[in-house]
Amino acid sequence: MHILVLLMGLMTAASAQTPAQGKAAAKPIKMVVLGDSLSAGYGLPADAAFPVRLQKALEAKGIKVEMTNAGVSGDTASGGRERLDWSVAEGTDAVIVELGANDALRGIDPAVTRAALTDIITKLQARKIAVLLCGMLAPPNYGSEYAAKFNAIYPDLAKSLGVPLYPFFLDGVAANPKINQADGMHPTAEGVDIVVKNILPTVEAFLGALSGQRS
């Protein structure tokens with residue numbers, strides 16, 4: 001009788017642990033940041049780059065991710081499209097697209113940027129990979145007409161292609177000399193931490209929706 005009670009107690013304890021064990025065994029989300037120098041970590045130590053800092057911030061929230069930094073300094077949206085297949089490996093669950101800053105700096109036709117970003121998003125969607133699009137704003141030197149056409153790309157694509165949007169990647173950091181490097185364009189390590197802090201709620205919601213789809 002005592003043995004039976006003991007066995008029943010062990011079975012009850014085992015069943016009570018199962019949900020926690022299942023949660024612990026959940027596979028980390030495989031994420032790629034497809035971007036340019038702003039996400040690559042230009043001028044910074046490797047551990048201060050945006051993908052690394054974002055991964056640490058997510059892990060502090062209990063969200064496990066395997067992060068790949070696919071940022072290439074100087075890359076345009078068209079460049080990102082050309083390297084998409086090898087930058088985003090098979091098995092990737094989610095991609096943060098951070099491209100377009102160099103397009104705006106070079107005054108590239110917004111129609112070209114729009115087409116490249118459209119191709120990137122639709123190709124990722126065809127591979128069943130979730131996409132978070134990060135917006136960029138054109139500098140004022142090309143005039144208001146150019147800026148209006150360029151700035152509209154990101155909200156337009158988010159709406160038409162059904163992807164979440166973080167409106168401006170450098171929100172809270174752009175044009176602040178205290179948290180940008182000497183070139184005035186690339187965030188310092190402190191600036192990157194501010195970018196991460198500001199975008200974190202959007203990324204959490206993005207990954208939360210993705211986890212719901214995976215379960």
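E90 is exposed, its relative accessible area being 70%, where buried denotes under 20%, exposed over 50% and partly exposed the range in between (1.4 Å probe, protein chains only). The model is predicted, so that local features need pLDDT of at least 70 and side-chain atom pairs count only at pLDDT 80 or more, whereas totals for chains, interfaces and linings use all residues. Residues are numbered from 1 along each chain as its sequence is written, and side-chain values use heavy atoms, with hydrogens and water left out.

With a salt bridge taken as a side-chain nitrogen of Lys or Arg within 4 Å of a carboxyl oxygen of Asp or Glu, the count comes to 7. In one of these, the side chains of E90 and R127 meet at 3.4 Å, N to O; R127 lies in the loop between α7 and β4 and E90 in the loop between α5 and β3, 37 residues apart. R127 counts as partly exposed at 25% relative accessibility. D156 forms a further salt bridge with R114, with the closest N and O atoms 3.1 Å apart; because D156 lies in helix α9 and R114 in helix α7, this pair ties together parts that are 42 residues apart in sequence.

Within helix α8, E145 and K149 form a salt bridge (3.6 Å, N to O), and their separation of 4 residues corresponds to about one helical turn. K149 also takes part, with F150 and N151, in the meeting of α8 with I153, Y154 and P155 in α9, contact meaning heavy atoms within 4.5 Å.

Terms used:
Helices (H or I, at least four residues) and strands (E, at least two) are DSSP runs, numbered from the N terminus.
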